[in-house]
Amino acid sequence: MPNYAIIENGKVINTVVAEADYATTQGWVELTSGGIDWDYVNGQFVDNRPVPEVVTPPAPTKEQLMAQLTALSAQIQALE
Amino acid sequence: MALILDGTNTPTLGGVGYGDGTELAFSAAGTSGQVLTSAGGAAPTWVTPGGGFTTMSVSTSSGTFTIPTGITTLKITVVGGGGGGGNANGSTDGATGGTSSVASGTQTITTISATGGGGTASSGSQPTDGGVGSGGQLNITGSSGQFNATNKGGVGGGSIFGGSGKYSQAGDPGNNGNLYGGGGGGSVASGSIGNGGSGGGASIKYFTGLTPGNTLTVTVGTGGAGGTGTYAGGAGAAGVVIFEY
């Protein structure tokens, strides 16, 4: 069954499953790509969403690295 | 009061006898399955017993729902669509699942709805939140999609009904979420992992005092598409609306 976009002010506010006849009565547009928060411009779905924040873990400190080395050394000695 | 049996109060076949304050009277027979209900000082009547729900109507497509004949109480459950899984290459994110809802038609009600799970971003970003329910007596948040740091795609989040898309192996696309409302799994490529999409929210409520024949407006949210590209994320599963009566 096709998916449809509900569009307000040029932006997709919801995407729904519907029969074609019902979707037509509601003025919904068949969803060919994208989804909620995409723009609908000149009959095309366009992704203008803000780029999500990339989470970069902080670099370990010298003390943290030394602690890891100590722990690894202890594990190796336990195996010998 | 004397019990008068003078031939004018012939027992009804299948009826019951009762006192009318003057003499012994007999009720009509009623119909099979009915039970006798007191009317206080008036004649008792046969009525069809109420009780638990016996019917479930499952809507997987948007439209209208007509309140069935004789029904004045409905239990309604709505589940939003699952979010799409992320593409491991990072070029595109999964799409958010659609919102499912039941709102007024010719019958006026307070809207009950559940948003879709978040379409997740690719490697290096936080997985998104699950969808949320609102307007119900019980509102449920879908599970968040996951990030997998062991060279497998992130597992999608689940809804109350739909299981998540499982992790994928290196070089494979993400797996789709399961009906209803499960989030899609993320894909994985060499050195890059897509997060799983989140599960759709849910909401449950009893509605009383409804009028048979009136309509309600039903919206069923889609599953969010997975992030596209060489290593596409899995798609979320569509939501659902369930009527019990």
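In this predicted model, strand S2 of chain A, residues 11-17, is mostly covered, with 5 of its 7 residues buried. S2(A) runs antiparallel to strand S1 (residues 3-8) of chain A, and 6 bridges join the two. One of the paired positions is Glu8(A), whose bridge partner in S2(A) is Lys11(A). The hairpin of S1(A) and S2(A) has 2 residues between the strands, and Asn9(A) there takes a positive phi near 50°.

Chain B contains an open sheet of 5 strands with antiparallel pairing, in the order S5-S16-S7-S14-S11. Strands S5 (56-59) and S11 (138-140) of chain B are at the edges and have a single partner strand each, so one side of each is left without a neighbour in the sheet. From one strand to the next, the twist averages 15°. Within this sheet, strand S7 (residues 74-79) of chain B and strand S14 (residues 202-207) of chain B run antiparallel and are joined by 6 bridges. Leu74(B) has Phe207(B) as its bridge partner in S14(B).

Side chains of opposite charge can pair when their charged atoms come close. Over all chains, a search of the whole structure finds 2 salt bridges. They are listed below.

| Salt bridge | N to O distance |
|---|---|
| Lys11(A) and Asp39(A) | 2.7 Å |
| Lys75(B) and Glu244(B) | 3.6 Å |

The salt bridge of Lys11(A) and Asp39(A) has an N to O distance of 2.7 Å. Because Lys11(A) lies in strand S2 of chain A and Asp39(A) in strand S4 (residues 39-41) of chain A, the pair ties together parts that are 28 residues apart in sequence. Lys11(A) is partly exposed at 33% relative accessibility, whereas Asp39(A) is buried, with a relative accessible area of 15%.

In chain B, the side chains of Lys75(B) and Glu244(B) meet in a salt bridge. Lys75(B) lies in strand S7 of chain B and Glu244(B) in strand S16 (residues 240-244) of chain B, so this pair ties together parts 169 residues apart in sequence. Both Lys75(B) and Glu244(B) are buried.

Met66(A) is in helix H2 (residues 62-79) of chain A. Its relative accessible area is 46%, so Met66(A) counts as partly exposed.

How values were computed:
Residues numbered from 1 in each chain as written. Chains lettered and ligands numbered in written order. Predicted model: local features only at pLDDT ≥ 70, side-chain atom pairs only at ≥ 80, totals over all residues. Heavy atoms only, no water. Helix = DSSP H or I, 4+ residues; strand = E, 2+ residues; numbered from the N terminus. Buried < 20%, exposed > 50% of the residue type's maximum accessible area, 1.4 Å probe, protein only. Pairing = 2+ DSSP bridges. Axes fitted to C-alpha atoms, helices over the stretch in contact; angles between N-to-C directions. Salt bridge = Lys/Arg side-chain N within 4 Å of Asp/Glu carboxyl O.
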